[in-house]
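Subject: A structure for you, with notes on its disulfides

Hi there,

Here is the structure I promised to pass on. Please have a look at it first, and then read my notes below.

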Amino acid sequence: MIKKTAFIMLAFALVPNMGHTACSRANLTRCLDSACAINVSSNPAARCQYCGTADAGEPNDAGMRAVSVGTSSRFTISSKDLKNAPTDPGERYVWASKKCITMIDGCTADDVSETYDSLIEQSCTAAGITAQMSVLFEKARQKKTSATCSSEITACVVGNAKCTSRYSACAEDSDFNRYFSECSVAATGCDEYLADIRTTLMTARDNAIKNAENALLALVQSYRDAREKRLASITQSCKDNSGRDACIISICNRSMPNQCDEAHPSERSMATQLCKFYDIACSTLK
């Protein structure tokens, strides 16, 4: 059965009154149909499947998120917006209703209910389901468990489009509050658990950010330690000339025909000159 539909009245309450302009029921229906009646000519159960109840089954077409019914119109929801439309029937009806109230001047929550509830009920009848919107609303009001609410809201908050699993997009409280509000609105039947869930997620957010900062500090410190260790080694090699001596030995062994033996002092002299850069470098450390 549909979930979250009970929140429709509260969601509508958040939409401002559009003045005293008379609501065009025809335009309102056209707008709602663009989200709830996709391919209705070949699928009489479309309104029930899209915006009524999950008991009617899923639509046969693959256009639930991308296809807009009819021709392009300023009174229909665009295909681009439909890509972000919820797939749950109850959520989709709430989403489409809020969109259409904003688009059609003068329309209210009552207009939506009076205009479209009966169309959904008729569509459900076509699907072989006896459905009254008042009954669907009542079932949607049934309380969820704390665990279910926590799982729903957490999955929403840490989604890639919101805070992300590392909470990187919610370092600021204002961002976290905005996303948590959006997710808690979508998760109906969870009001009594919201305070505890918010506290838990805030703690998780703070720990994630702190751990990320600690990891960064540890990385910076490791580079600093490695640099200081290298500098100490170089300084010591300058004090006892071990660095220059190692350079001379290496050049003698790899590049001199006689490996700078005693019978060929010129080879050692040349290797010493080639390693002169050690003396120059060490002079800068003094």
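The notes that follow are about the disulfides.

Please keep in mind that this is a predicted model. The structure holds 10 disulfides, and I have picked out some of them for you. As a quick reminder, a disulfide is a covalent bond between the sulfur atoms of two cysteines.

Let me begin with C36 and C51, which form a disulfide with their sulfur atoms 2.0 Å apart. This link is left-handed, with -80° about the S-S bond. C36 belongs to helix 2 (residues 25–36) and C51 to helix 3 (residues 46–51), so the pair ties together parts that are 15 residues apart in sequence. C36 is buried, at a relative accessible area of 0%, and C51 is buried too, at 1%.

Next comes the disulfide that joins C156 to C183, with 2.0 Å from S to S. Here the pair links distant parts of the chain, 27 residues apart: C156 sits in helix 8 (residues 146–157) and C183 in helix 9 (residues 173–186). The torsion about the S-S bond of C156 and C183 is about -75°, so this disulfide is left-handed. Are its two cysteines buried or exposed? C156 counts as partly exposed, at 26% relative accessibility, whereas C183 is buried, with a relative accessible area of 2%.

Finally, C252 and C260 are joined by a disulfide, S to S 2.0 Å. Its torsion about the S-S bond is about -90°, so the link is left-handed. Both C252 and C260 are buried.

Enjoy exploring!

Best wishes

Key: Residues are numbered from 1 along each chain as its sequence is written. This is a predicted model: local features need pLDDT of at least 70, side-chain atom pairs count only at pLDDT 80 or more; totals for chains, interfaces and linings use all residues. Side-chain values use heavy atoms; hydrogens and water are left out. A disulfide is a pair of cysteine sulfur atoms within 2.5 Å. Helices (H or I, at least four residues) and strands (E, at least two) are DSSP runs, numbered from the N terminus. Buried means under 20% relative accessible area, exposed over 50%, partly exposed in between (1.4 Å probe, protein chains only).
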